[in-house]
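Please keep the model open beside them.

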Amino acid sequence: MLKKHGFYKGLNLGGWLSQCDYSQKHLNSFITEKDFETIASWGADHVRIPIDYNILQNNDGSFNEIGFERLDYALDMCEKYNLNTVIDLHKTAGYSFDEGESENGFFYDEKLQEKFYLLWDRISEKYGSLYKRTAFELLNEVTDKKYSDIWNDIARKCITRIRKNAPQTLILYGGCENNSAEAVSLLTSPWDENVIYNFHCYEPLTFTHQGATWTERINPENRISYSECGCNTDFFEKEFAPALEAAKNNNTIIYCGEYGVIDRVPIDDILSWYRDIHTVFEKYGIGRCTWNYKEKDFGISDKRLDSIRNELLKYL
């Protein structure tokens, strides 16, 4: 399905309209037309655009039209270079997946939830007619498992509202534990045929995030090679199995919205990880979007990967 509809092989534009300093200089220059042209030349069929709510929505719930103009520009560039687009709400008022962020309260505050619904009302009203080339991702990486039931209810209400403006748009719906493959089984059955399950894969985390300083789950001093981490195609088969089973049981499919390896890893080991995960993606026809096109510690376009990029692009 996703190969047919152009959401099979993509790159994330993380760090442009999300997880940034929000300065005009950054927003105007981090991603330019040349980047869309490059991504298309690499054989991608789509990009995922993470966007933080404050780009589009003010504190009082009103909308920032300049932010929407930036999203308009991105969609225009995607159309020019024949790329489809996943609009990913990366953070919402009262919720962030980032450890240590001040955003909190979303899952227990109906006013914050209403701001979320209103933002999706606006996004779906504005872009619902572009359903042939645009997909919506409700929210990036719900964390704690305790939010699972609440999140299912919020997602149902949000999708019901989106469908008033965008009855045919593909909607990506991910679970808790940072969109883990295992947590897909905790999602409720999709409400229509254009709602599909979304997961992320950075496993094993001790390999893909070695050296990371922003998460307590990693000792930044530790290093591990690909041969030492116990990872291979069998590992990814087992990793994806719960998500594939949940999708089969609920008559839908899965999409992997993020996967990648940090820039602290030797380039040969990066190739090995990508080669093995790609084999399993292809076996099951899983659409995916690698993290990340540029910088954010995972950049595929970064200079350090120049010597292996042509080979690496075969495994995206």
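**Notes on the predicted model**

1. Let's begin with Lys 296, which is partly exposed at a relative accessible area of 28%; buried means under 20%, exposed over 50% and partly exposed in between, with a 1.4 Å probe and protein chains only. Its phi is positive, about 55°, although Lys 296 is not a glycine. Lys 296 sits in the loop between β8 and α12, where helices (H or I, at least four residues) and strands (E, at least two) are DSSP runs numbered from the N terminus.

2. A word on the ground rules: this is a predicted model, in which local features need pLDDT of at least 70 and side-chain atom pairs count only at pLDDT 80 or more, while totals for chains, interfaces and linings use all residues. Residues are numbered from 1 along each chain as its sequence is written, and side-chain values use heavy atoms, with hydrogens and water left out.

3. The loop between β8 (287-290) and α12 (309-312) also holds Asn 292. The peptide bond from Trp 291 to Asn 292 is cis, with omega near 20°. Another cis bond joins Glu 203 to Pro 204, with omega near -15°; Pro 204 lies in the loop between β6 and α9 (205-208).

4. Asn 178 deserves a look too: its phi is near 55°, a positive value in a residue other than glycine. Asn 178 belongs to helix α8 and counts as buried at 19% relative accessibility.

5. Which residues of the largest pocket's lining are the closest to its centre? Asn 178 is one of them, along with Phe 97, Asp 98, Glu 141 and Arg 217, out of 43 lining residues. A pocket here is an open set of points on a 1 Å grid over the protein atoms alone, with protein on both sides within 12 Å along at least five of seven lines, and lining residues have an atom within 4 Å of a point. Helix α8 gives the largest share of that lining, 3 residues.

6. Helix α7 (residues 148-165) has 18 residues. Its buried residues include Trp 151, Ile 154 and Cys 158. Seen down the axis, the buried residues of α7 fall within an arc of 165° (taken from the directions from the helix axis to the C-beta atoms), so they line one face of the helix. On the other side of α7, Asp 149 and Lys 164 are exposed.

7. Finally, Phe 116 is in contact (heavy atoms within 4.5 Å) with residues including Trp 151, Ile 154 and Cys 158, leaving aside neighbours within four places in sequence.

Note on methods: Expected span 1.5 Å × (residues − 1). 1 Å grid on protein atoms, 1.4 Å probe; cavity = no way out; pocket = protein on both sides within 12 Å on 5 of 7 lines; lining within 4 Å.
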